[in-house]
Structures are given as structure tokens and as C-alpha cells.
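Open the model in your viewer and keep the selection tool ready. We will go stop by stop.

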Amino acid sequence: MILSGRAKVAGVIGWPVSHSRSPRLHGYWLDRYAIDGAYVPFGIPPERLGAVLRALPTLGIAGVNVTIPHKEAAAALVDTLDHAAERIGAINTIVVRDDGNLVGSNSDGFGFMACLYEGAPAWQPGNGPAAVIGAGGAARAVAAALLSA
């Protein structure tokens, strides 16, 4: 791992977050390509989420992925939402802009649809009803993606 005074730091926020494989996955690619940076887990209790998000620019954090239980709450706390996140009402990524603004986005629905088409290439949206089992931000993203399809 390379960590200079100019290293980019990113991570994943959740509560708990110890289950996340993201630090290991992203750490591998940072090492593999000798990228000056680190990807770390941040265990953030729900009552501290707002304060933590407001501190990201000050701490020099480039961005974070968002996992349970923060996807919906974080969407209400960022400065800007992309179209998908606005429609879904939940985010899975926050990018910290150079001006300190926080931009929330959501790629959960896109990821689900890519996996669906890869795993069931013959699937067509008009084939019939679909059931989504879940109630969190990712379930909302899946439902929105299915409706869009």
C-alpha cells in the first residue's frame, strides 16, 4: 500500500460494517495498481451519520460507499442526488466534490439488472410479475430498476 501526503482516502460507512468485504476488495486493486490511497471501513452509528457526513470534506475523504442501515438516511443528508438516487430515495455512494459538496448516487438497481440479464439472458420485462423480498435501500433500487425495465 502506498500512502503519501497526497493519498486519496475512501471507505464504506455502515452500522455495523465489519461484515463488508469492500475494504478487502478495493484494497486489492489499490495494491495491484500501486494507487496512492486507502479504502477503510467506518462503523457509524445512525445517530452520528449527519455529523460524519458533514466532516468528510474536512477530513479529506474522497468519498464513501453506503451500506446498511444508512442508504435512505444518507440520501436526505447529501447536497445533491443523481437521477436514480432521487427516484429511489436511497444512495450507495457519496462523492466529495472539490468544493466540499456531497453528491449521492445509486448503482444498486443497475447492478441488479446487469446480474439478472447475465444470469437469465432470456428474461424479458413483460414476462410477468416480479417479487422483491426486502425493504431497505437496495430493495427500493431493485424495485425502481424493475419498474424502469
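Start by selecting Ile91. Leaving aside neighbours within four places in sequence, Ile91 is in contact with Val66, Lys71, Ala74, Ala75, Val78, Leu81, Ala85, Gly104, Ser105 and Asn106. Contact means heavy atoms within 4.5 Å.

Before moving on, know what you are looking at. This is a predicted model, in which local features need pLDDT of at least 70 and side-chain atom pairs count only at pLDDT 80 or more, while totals for chains, interfaces and linings use all residues. Residues are numbered from 1 along each chain as its sequence is written, and side-chain values use heavy atoms, with hydrogens and water left out.

Buried means under 20% relative accessible area, exposed over 50%, and partly exposed in between (1.4 Å probe, protein chains only). Helices (H or I, at least four residues) and strands (E, at least two) are DSSP runs, numbered from the N terminus. In soluble globular proteins, nonpolar side chains tend to be buried together.

**Two packed helices**

Select residues 108–119, helix α5, and residues 137–148, helix α6. At what angle do α5 and α6 pack? The angle is about 60 degrees, and the axes are 8 Å apart. The axes are lines fitted to C-alpha atoms, for helices over the stretch in contact; angles run from 0 to 180 degrees between N-to-C directions. Show side chains next. Asp108, Gly109, Phe112, Met113 and Leu116 in α5 meet Ala138, Ala141, Val142, Ala145 and Leu146 in α6.

**A buried histidine**

Go to His70, in the loop between β3 and α3. Is His70 buried or exposed? It counts as buried, because its relative accessibility is 1%. Leaving aside neighbours within four places in sequence, the contacts of His70 are Ile13, Gly14, Trp15, Ile44, Pro45, Pro46 and Leu49. For contrast, pick Leu59 in helix α2. Leu59 is exposed, with a relative accessible area of 61%.

Most residues other than glycine have a negative phi, and most peptide bonds are trans. Zoom in on Trp15 and Pro16: a cis peptide bond joins them, with omega about -5 degrees. Pro16 sits in the loop between β1 (8–14) and α1 (22–32). Ile68 and Pro69 are also joined by a cis peptide bond, with omega about -5 degrees. Ala34 is not a glycine, yet has a positive phi of about 50 degrees.

**Aromatic rings**

Select Tyr28, Trp29 and Tyr33, which form one aromatic cluster. Trp29 is partly exposed, at 40% relative accessible area. Rings of Phe, Tyr and Trp (its six-membered ring) pair if their centres lie within 6.5 Å; planes under 30 degrees apart count as stacked, over 60 as edge-to-face and the rest as tilted. The whole structure has three aromatic pairs. Trp29 and Tyr33 form a stacked one, 5.8 Å centre to centre, with 15 degrees between the planes.

**Zoom out**

Show the whole chain. Its secondary structure comes to six helices and six strands.
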